[in-house]
Amino acid sequence: MAGKIVSETLSKLARMGDVTLYEPAGDSPHNERVRRKRKQEFNFSDCIANLQTPRGPKPVLKTMLTTACERNCHYCVFRAGRTKTKRMTFSPDAMAGAFDTLQRAKQVDGLFLSSGIIKGSVTTQDKIIDTADIIRSKQRYRGYIHLKIMPGIEYDQLYRAMQLADRISVNLEAPTSARLHKLAPKKIFVQELLCMLQWAEQIRRDHPQERLASSVTQFVVGAVGDTDLELMSMSDKLYAQARLARVYYSSFSPVPGTPFEDLPASDLLREFRLYQSSFLLRDYQWDVEELPFQRDGNLRTDIDPKQAWADEHLVHAPIEIMRAEREELLRIPGVGRIGVEAILRARRRGALRDLAQLKQIGIRSPQKLANYVLLDGAQPARQNRLF
Ligand code: SF4
C-alpha cells in the first residue's frame, strides 16, 4: 500500500513539473529560470533543480504541497479562480515519502518546499512543517531543506520551521506596503511579511546556540511601478536589520488568465542590475545613497552600477593602486575581493606599473580599470595588444 502511495505521488510530482519556476532558491537564480523543454512524457527532471545551496551544489526537489490557493495575488499562476491552473495537493506523508524515495535513489539531495494557501496560512504552514518533520525525524535526513513561510503565521511555527530548515523564504513581493497592495491585495505588508523576517532574526538572536535557518526574500520587479530606489532601500534595511542571506529580484512576467496578463514583461537587464547593486550593499558595504540612481529613482540598465559610480567619482580622482586602502580598491570597477587581495600581495613585492602586471596577478579585464586608477603615480597606458 505504502509503495502504491509513493508511486502515485511520484507520478503526480512529475506531472506537476516546474511549478516553482518563479521562485528562485539557489545562488544562480538566472539559471533556475531556464524553462526546460516540454517533453512527450512526464519525468522528474522538471521538478529537480541543480542549485548552489549554502551546502554546495545539489540536485534539489523543488516543488509545492499544493497548487491550490485561496488568495488572489494579481501576478500569480496559482491565484484563486484561475481556471487554467491544474490543482494538485499532497499530504505531508505522501510528499515526505516521495522525497525519501528520490533521495535514496540519489536523484535528489535537498528539498525546496513551497505551497499555495488553503484553509489559512497557519494550517498550510503546519503541513509544510509536518513534511519537514517527517523527513528530519522519521527518515533521519540531515541534508539541505529550504521551506517557504506563509504570510502571517504564528511565532512558534516560524521557530519550528527554522529548526527544521537550512533556509526559509518570506517573500515580501514588493518594497512598500502601497506597492504590495497593487500586487497582492490580500497580503498585509508589515504584519504578515516584514514581521516574519524581523521575528526570524529575533529568533536567531534569542537562540544563538541553535543551528537555525537563514532567511531570504523575493521581490516581483516591474509590475506596479516599483523603483530601483525603493527596492534597494528595502533590501538594505533587510540586510542590516534582518540579516538576510540574500534578496531575489524576479522580473515580472505576465501570466495569461490573471489581472496582469496584459502588462508588459519587465526587463531582464534591470533584474541583473538590481542583483549587481544588491551585492554592492551586501558584500561591499555600500550605502544606498551611493548607488547611481537617476532622477526617476531607477538605475541605468546599460551600465554596471559600480562603473556608473566610478565614471562620476573616479575619472577625475583616480585611485592609486600602490597606496589605496582595501576599501578604496574595492570601489574600482572590475576588481572584486579576490582581485583586491591579489593587488595587496603583489604590491608588497614591488611596484605595479602597467596593466599587463594586473593581468598577470589575475585581474580579468585590466583595461576596464584604465580610466579609474593610477599605477605608481601614472595613468596606465592602454596596451590592448597585451590582452
Ligand atoms: S499566496 Fe502565493 S500561491 Fe497564492 S496567489 Fe499569492 S503568490 Fe500565488
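Colleague: Before we start, what pLDDT do local features need here?
Modeller: Residues are numbered from 1 along each chain as its sequence is written. The model is predicted, totals for chains, interfaces and linings use all residues, side-chain atom pairs count only at pLDDT 80 or more, and local features need pLDDT of at least 70.

Colleague: OK, which domains does the assignment give for the protein chain?
Modeller: The bounds come from an automatic or database domain assignment. They are domain 1 (1-169), domain 2 (171-300) and domain 3 (314-386).

Colleague: Which element gives the most to the side of domain 1 that touches domain 2?
Modeller: The C-alpha centres of domain 1 and domain 2 lie 22 Å apart, and the contact takes 29 residues from domain 1 and 34 residues from domain 2. Contact here means C-beta atoms, placed from the backbone, within 7 Å. On the domain 1 side, the elements giving two or more residues are H5 and strand S5 (167-169); helices (H or I, at least four residues) and strands (E, at least two) are DSSP runs, numbered from the N terminus. The top contributor, with five residues, is H5.

Colleague: And how many residues on that side of domain 1 are nonpolar?
Modeller: For the classes, Ala, Val, Leu, Ile, Met, Phe, Trp, Tyr, Cys and Pro count as nonpolar, Asp, Glu, Lys and Arg as charged, and the others, Gly among them, as polar. The side of domain 1 that touches domain 2 has seven charged residues, six polar and, for nonpolar, 16.

Colleague: Staying with H5, how do H5 and H7 lie to each other?
Modeller: H5 (residues 155-164) packs on H7 (residues 189-206) with the axes 10 Å apart, at an angle of about 60°. Axes are lines fitted to C-alpha atoms, for helices over the stretch in contact, and angles run from 0 to 180 degrees between N-to-C directions. Under 35 degrees counts as roughly parallel, over 145 as roughly antiparallel, 65 to 115 as roughly perpendicular and the rest as oblique. So the pair H5 and H7 is oblique.

Colleague: Which residues of H7 does H5 meet?
Modeller: H5 brings Tyr 155, Leu 158, Tyr 159 and Met 162. By class, that contact has eight nonpolar residues, no polar and no charged. The H7 partners are Met 196, Trp 199, Ala 200 and Ile 203.

Colleague: Is the crossing of H8 and H9 left-handed or right-handed?
Modeller: The axes of H8 (residues 228-241) and H9 (residues 268-283) come within 10 Å and cross at roughly 35°. A crossing is left-handed if the near helix is turned anticlockwise from the far one by less than a right angle, and right-handed if clockwise. The crossing of H8 and H9 is right-handed.

Colleague: Now the sheet: which strands stand at the edges?
Modeller: It's an open sheet of seven strands with mixed pairing, in the order S1-S2-S3-S4-S5-S6-S7; two strands pair if DSSP finds at least two bridges between them. Each edge strand has a single partner strand, so one side is left without a neighbour in the sheet, and the edges are S1 (48-53) and S7 (246-251).

Colleague: What is the bridge partner of Asn 50 in S2?
Modeller: S1 and S2 (residues 56-64) run antiparallel, joined by six bridges. They form a hairpin with two residues between them. In S2, Asn 50 has as its bridge partner Pro 59.

Colleague: And in S7, what is the bridge partner of Phe 219?
Modeller: S6 (residues 214-221) and S7 pair in the parallel sense over six bridges. The partner of Phe 219 in S7 is Tyr 249.

Methods: Contact = placed C-beta atoms within 7 Å.
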